[in-house]
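Subject: Structure for you to look through

Hello,

Here is the structure I promised. Please open it first, then read my notes alongside it.

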Amino acid sequence: MTDFTIWAIILLAALGTFTLRASFILLLGKKRMPHWFEQALKFVPVAVLTALILPSFLMKNGQIAISVGNERFVAGIVAVIAAVATKNMLWTIAAGMTALWILQAIMG
Amino acid sequence: MTARTQFFSGAKAISPILLGVLPFATISGIVAIEAGLNPAQAIGMATILFAGASQLAVAQLIGTGATPIVIVFTAFIINLRFVMYSASLAPFLKKVTAWKRALLSYILTDQAYALSVAKFTQNPETPHKPWFYAGASAALWTTWQLGSLAGIFLGAQVPESWSLDFAVPLTFLALLVPVVNSRAAIVAATVAGITVMLTANMPFNLGLITAALVGIFAGWLSETILTRGAQS
């Protein structure tokens with residue numbers, strides 16, 4: 001990816017994000033958003049985050065790999081357990097990364 | 001109480017949260033460099049975009065060579081939640097000038113929003129509300145930039161064999177677990193997850209956006225059905 005493309009991505013993403021942040025504070029003021037939209041917004045984080053996470057855990061070299069041969073799948077399970085047990089970002093990352101490093105060392 | 005003291009009481013109120021924000025910021029800096037951004041671009045992303053989860057996603061997708069327009073759109077979807085925050089903060093910030101409201105919009109974050117709205121709702125008589133929010137936000141902004149800078153510096157030292165790109169889904173996982181807190185949320189996650197795997201080979205990473213939208217719709221639909229069921 002060229003430097004220009006990366007800058008364009010950053011600027012466009014920032015412009016879109018600013019518009020969302022300013023939507024009511026700066027632009028719409030007292031207007032209310034439609035009820036269905038408000039309800040749907042609640043599910044944005046859960047849906048987007050799941051869609052971002054799963055391929056990193058379940059794919060290897062562009063193929064679906066749900067097996068112990070996929071280090072990231074196993075490390076991902078370890079991290080899920082850590083996340084549920086600790087509800088803490090640093091412990092989740094520490095558990096997942098440590099598991100990945102150990103598995104990579106074993107499998108070479 | 002003056003505007004100035006309210007600014008600092010906002011900064012003070014958010015300080016316990018900042019301890020958790022700092023490592024998140026550092027990770028965002030590291031992964032930006034690992035994904036192939038140069039330091040200027042990584043700093044540009046932290047300052048101009050200034051939205052953690054979307055910064056991580058942008059870095060991850062640049063690293064995997066996704067289509068630029070899909071990257072921009074993904075960041076937009078991740079940040080859709082700001083509309084919700086903006087709507088709920090707007091009544092408290094309406095008295096300041098448009099320029100200041102633009103600035104207050106730019107520094108809007110999950111943490112400063114949650115803290116300020118909780119305070120203003122419990123304490124409707126809070127004086128100088130925009131200043132309290134501005135103080136909390138400014139403290140968070142400063143922490144984010146310092147953490148990012150540390151990460152950008154560290155990212156250049158970390159060898160690729162450490163697989164630090166894996167820290168991105170792990171960070172998202174830590175953000176995901178607390179929000180899977182209802183049956184409808186479980187439906188949204190499950191449907192988004194199945195869809196993203198089924199569409200893994202769609203061109204231009206369109207599977208990601210498709211899965212997000214289908215998941216949001218599934219969550220919304222199941223909640224609508226569940227509430228109707230509870231009423232009848």
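Which residue with a positive phi follows α3(B)? That residue is G65(B), with a phi near 70°. Keep in mind that this is a predicted model.

Stay with helix α3 of chain B, residues 52-63. Its 12 residues should span 16 Å at 1.5 Å a residue. The end C-alpha atoms lie 17 Å apart, which agrees.

Is this helix mostly buried or exposed? Of its 12 residues, 11 are buried, so the rest of the structure largely encloses it. The buried ones include G52(B), Q55(B), V58(B) and I62(B).

Next, the contact between the chains. Chain B puts in 72 residues and chain A puts in 59 residues. On the chain B side, 55 are nonpolar, 13 are polar and four are charged.

Now the core. The largest nonpolar core has 114 residues. Among those that touch the most other members are A47(A), V58(B), A188(B), A192(B) and A212(B). Take A47(A) as an example. Beyond its neighbours within four places in sequence, A47(A) is in contact with A188(B), A189(B), A192(B), A212(B), G215(B), I216(B) and G219(B).

Compare A200(B). You will find A200(B) in the loop between α10 (183-198) and α11 (206-231) of chain B. It has 18 other C-beta atoms within 10 Å, so it counts as partly exposed; buried would need 20 or more. Leaving out neighbours within four places in sequence, its contacts are P55(A), M59(A), I64(A) and G207(B).

Last, the domains. Chain A divides into domain 1 (1-31) and domain 2 (38-107). Their C-alpha centres are 29 Å apart. Chain B has domain 1 (3-164) and domain 2 (180-232). There the C-alpha centres are 26 Å apart. Seven residues of domain 1 of chain B and six residues of domain 2 of chain B make the contact between them. Which helix gives the most to the domain 1 side? Helix α4 (residues 68-78) of chain B does, with four residues. That side has five nonpolar, two polar and no charged residues.

Best wishes

Definitions and conventions:
Residues numbered from 1 in each chain as written. Chains lettered and ligands numbered in written order. Predicted model: local features only at pLDDT ≥ 70, side-chain atom pairs only at ≥ 80, totals over all residues. Contact = placed C-beta atoms within 7 Å. Nonpolar A, V, L, I, M, F, W, Y, C, P; charged D, E, K, R; others polar. Domains from an automatic or database assignment. Helix = DSSP H or I, 4+ residues; strand = E, 2+ residues; numbered from the N terminus. Core = buried A, V, L, I, M, F, W, Y, C linked by C-beta atoms within 7 Å. Expected span 1.5 Å × (residues − 1).
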